[in-house]
Amino acid sequence: MKEKLRREAEAPPRRGPKKRAAKKFVNEIGNPISVLVEETRDTGTNAKTKERSSFDAIRIVITGPTSMSENTLTRQEAVELLRCLERVLS
């Protein structure tokens, strides 16, 4: 399963419908949590050249009863995050 996820994450972005995954669950301390991960497009600025560009991205939204976090990552950042999570959680 991990290898399949890694291969999909490292593959070039698809040009069809965007992938989306969502999950609702109760965490270890009894709070309802909602997680959304979806492919999207974003724009950013290169720190060295100051050039703006558009890129394929991954949007992550985690919502609980008293908080919400949202982060948009480049595809490569998402792949590296997946690798780190696999190491920590295995």
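Which side chains meet R41 or D56 in a salt bridge, and what is the N to O distance? The side chains of R41 and D56 meet each other, at 3.1 Å from N to O; a salt bridge here is a side-chain nitrogen of Lys or Arg within 4 Å of a carboxyl oxygen of Asp or Glu. R41 lies in strand β2 and D56 in strand β3, so this pair ties together parts that are 15 residues apart in sequence. R41 counts as partly exposed at 40% relative accessibility, while D56 counts as buried at 14%. For these labels, buried means under 20% relative accessible area, exposed over 50%, and partly exposed in between, with a 1.4 Å probe and protein chains only.

**What you are looking at**

This is a predicted model, in which local features need pLDDT of at least 70, side-chain atom pairs count only at pLDDT 80 or more, and totals for chains, interfaces and linings use all residues. Residues are numbered from 1 along each chain as its sequence is written, and side-chain values use heavy atoms, with hydrogens and water left out.

The predictor's confidence in each residue, pLDDT, runs from 0 to 100. Its mean over the chain is 90, and 83% of the residues reach 70 or more. Helix α1 (residues 2-10) has the lowest confidence, with a mean of 60, and strand β1 (residues 20-26) has the highest, at 98.

**The fold**

The chain contains 2 helices and 4 strands, in the order α-β-β-β-β-α along the sequence. These elements are DSSP runs numbered from the N terminus: helices are H or I with at least four residues, and strands are E with at least two. The strands build an open sheet of 4, ordered β1-β2-β3-β4 with antiparallel pairing; two strands pair if DSSP finds at least two bridges between them. At the edges are β1 and β4 (68-74), each of which pairs on one side only. On average, neighbouring strands of the sheet are turned by 25° against each other, direction ignored.

Helix α2 (residues 75-89) packs on the sheet and touches β2 (32-45), β3 and β4, where contact means heavy atoms within 4.5 Å. The direction of α2 makes about 115° with that of β4; axes are lines fitted to C-alpha atoms, for helices over the stretch in contact, and angles run from 0 to 180 degrees between N-to-C directions.

| Strands | Bridges | Facing residues |
|---|---|---|
| β1 and β2 | 7 bridges | R20 and E38 |
| β2 and β3 | 12 bridges | G44 and S53 |
| β3 and β4 | 7 bridges | R59 and T72 |

Two hairpins are worth a look. Between β1 and β2 there are 5 residues, and G30 takes a positive phi near 90° in this hairpin. The hairpin of β2 and β3 has 6 residues between the strands, and there K50 takes a positive phi near 65°.

**A network of charges**

The structure holds 7 salt bridges. R20, E38, R59 and E70 are linked in a network of them. In the pair R20 and E38, the closest N and O atoms are 3.1 Å apart. This pair links distant parts of the chain, with R20 in strand β1 and E38 in strand β2, 18 residues apart. R20 is exposed, with a relative accessible area of 59%, whereas E38 is buried, at 14%.

E38 also meets R59 in a salt bridge, at 2.4 Å from N to O. Here E38 in strand β2 is joined to R59 in strand β3, 21 residues apart. R59 counts as partly exposed at 23% relative accessibility.

**Two residues up close**

T72 is found in strand β4 and is partly exposed, at 31% relative accessibility. Leaving aside neighbours within four places in sequence, T72 is in contact with T40, D42, A57, I58 and R59. T72 and V37 are 35 residues apart in sequence, with 9.6 Å between their C-alpha atoms.

I60 lies in strand β3. Not counting residues up to four places away in sequence, I60 touches residues including L36, V37, L73 and L81.

**The chain as a whole**

Buried residues make up 19% of the 90 residues. Among contacts between residues at least 6 apart in sequence, 31% join residues at least 24 apart.
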